[in-house]
Amino acid sequence: MISENRCRMLRLSSFCVLLAGVAQADPATDAKIAGLETAVKAAQSAGDNAWMMTSAALVLMMTGPGLALFYGGLVRKKNILGTMMQSFMMMAMITVLWGLFGYSLAFGEGSAFLGDLRYMFLEGVGSAPNPDYAGTIPQQTFMVYQLMFAIITPGLITGAFAERMKFSGMALFLLLWTVFVYFPMAHMVWGKGGLLNAFLGGKFPCFDFAGGTVVHITSGVSALVCALYLGKRVGFPEGMKPHSLTLSFIGACLLWVGWFGFNAGSALGASGLATSAFVATHFAAAAAALGWMGAEWIGNGKPSALGGISGAVAGLVAITPASGFVKPMPALFIGFLAGLVCYFMVAVVKQKFGYDDSLDAFGVHGAGGTLGAILTGVFATNAVNDTLKDAAGKPVALGLVDGNGAQVMNQIIGCGIAWGLAIVGTLVILKVVDMTVGLRMTKEAETQGMDLSLHGEEGYILES
Amino acid sequence: MKKLEGIIQPFKLQEVLDALKATGVDGLTVSEVKGHGRQKGHKEVYRGMEYNVDFLPKTKIELVAAEGRVDEILATLLKAARTGQIGDGKIFIYEVVDAIRIRNGDRGEAAL
């Protein structure tokens, strides 16, 4: 993260100062030292930039093909292209939105709730770093990296209304949702001066390393609202078996790999903190896979492939806010617990209430995200992340394990705001879209399948 | 001429084909079918959603044998397809009125 990079820089420059002292201010040596300092900065910048561009690509890979395959395999075969198109549409549509004004609304300074329009049309976003966010990489790298988060977040929601939403309604809903829910939430947590930003002057400092509140709570809770508003699929719950867990399996494993870009990339540099987040991410995913499979083994008598991959995703979700703040053993614990809790949410709670959150966007992202955000307040430690310093320059206590129990409350406030914004924003937007272009496919179209009725294609043409 | 129609376990197909070939059968039709007899179906669970699957995948073999070869082919088929477990399938035998080779119009056993 920023501080770690600065630290490295500090050590190097003090070494340079030492050299300067020895050399007694010889102009030629001065010039040499200045050159050396520039070279050191350039080298670090090159290293950080390489990792951050890789991370940006990894996060895009999570949406397409990761999420597209994961969700695509879980639907019936007549809906595979329609489902994949929803993810793909986010890659195209949100990118345009981000360039026009999205980045600015999320990361312009603005108010505590939303950014201003200083970066509209990406004005002033070039190769110079923005030291508020990431001092060693071009702001353009930061911008494109953050874009990938804005793409996957609405993509996650599509799991809740799978197999029954019109393409036009889906596109308009998710476009408005990104503007009125995602941009404000991203600004509040990560934007300069944002209400919940723990590092840049937020009123309620909430730790969210890679998007537990911003990405997973907002998408997961909005998903539940969508599932309730749209109602069940025609014929639910009979005959809704996933058509290809093989595709879902590939998608989930791509998500796992892509998540290293998501979490370790959130260190915004190729630093020790990035490694720490990488390790926490991996450990949580592994433990969660075991947790979900174990619960299933005991509950149903068989550990399933779908259970294993769902568990891994649940663990990845839960560790997301915590990844840059916790040690490996708490990461294992958070992951394992997420595997159990999310299994309980989809296999017990969902069945009991009977809502059709088709691909469990709420059960996994809403529940796992909330669990992870709160546990971040428990396990965050300055032994992992020492970015925040007190007046004397000492790292401040972060979570309960550091002796700062109040952080748990801050995390709960952060979750509460994310839940509230997601519920209200989603309801209003759904209503508006429902009254204008409409949300649900006709019964005939839904029965025929999205591929044919919405796109005029078939996903599988085996006789050709 | 008789038609033998065997519904067998899919994993037994190769063994049955090999055995039939060894007895000199050189034409038959195979299709993937679904059904159930006494074996019944099974339960599948996807994230807690239970589905009962009533029809199980089976393989159907159809072949027509000349009158003098029916017993031998039937015995071969029975032997190769049997595991002794429920679900091994069934064989149905039909009288065949005639057979015609489309290419040259051969009739009866000459068309087999």
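These exercises work through the backbone, the chain B fold and the interface of a predicted model.

Residues are numbered from 1 along each chain as its sequence is written, and chains are lettered from A, ligands numbered from 1, in the order in which they are written. In this predicted model, local features need pLDDT of at least 70, side-chain atom pairs count only at pLDDT 80 or more, and totals for chains, interfaces and linings use all residues.

**Exercise 1. State the confidence scores of the model and of chain B.**

Solution. Then take chain B, where pLDDT averages 92. This score is the predictor's confidence in each residue, from 0 to 100. In chain B, 100% of the residues score at least 70.

**Exercise 2. Describe the fold and extent of chain B.**

Solution. Count the elements: chain B has two helices and six strands. Helices (H or I, at least four residues) and strands (E, at least two) are DSSP runs, numbered from the N terminus. Their order from the N terminus is β-α-β-β-β-β-α-β.

Next, take the extent. Along the principal axes, the C-alpha atoms of chain B fill a box of roughly 60 × 30 × 20 Å.

Now check burial. Of the 112 residues, 16% count as buried. A residue is buried if 20 or more other C-beta atoms lie within 10 Å of its own, exposed if 12 or fewer, and partly exposed in between, with C-beta atoms placed from the backbone.

**Exercise 3. Place B:Q85 in chain B.**

Solution. B:Q85 lies in the loop between α2 (70–81) and β6 (89–95) of chain B. B:Q85 counts as exposed because it has 8 C-beta neighbours inside 10 Å. B:Q39 is 46 residues away along the chain, yet the two C-alpha atoms are separated by 9.3 Å.

**Exercise 4. Describe the side of chain B that touches chain A.**

Solution. Seven residues of chain B are in contact with 13 residues of chain A. Contact requires C-beta atoms, placed from the backbone, within 7 Å. On chain B, β3 (42–46) and β4 (49–53) are the elements that give two or more residues to this side. β3(B) gives the most, with three residues. By class, the residues are four nonpolar, one polar and two charged. Nonpolar covers Ala, Val, Leu, Ile, Met, Phe, Trp, Tyr, Cys and Pro; charged covers Asp, Glu, Lys and Arg; the others, Gly among them, are polar.

**Exercise 5. Locate the cis peptide bonds and positive phi values described for chain A.**

Solution. Recall the background: most residues other than glycine have a negative phi, and most peptide bonds are trans.

- A:G64 and A:P65 are joined by a cis bond, omega about 10°. A:P65 sits in helix α2 (residues 27–74) of chain A.
- The bond from A:F236 to A:P237 is cis, omega near 5°. A:P237 is in the loop between α6 (212–230) and α7 (245–263) of chain A.
- A:E163, not a glycine, has a positive phi of about 75°. A:E163 is buried, with 22 other C-beta atoms within 10 Å.
- A:D360, also not a glycine, has a positive phi of about 65°. A:D360 counts as buried, with 26 C-beta neighbours inside 10 Å.

How values were computed: Contact = placed C-beta atoms within 7 Å.
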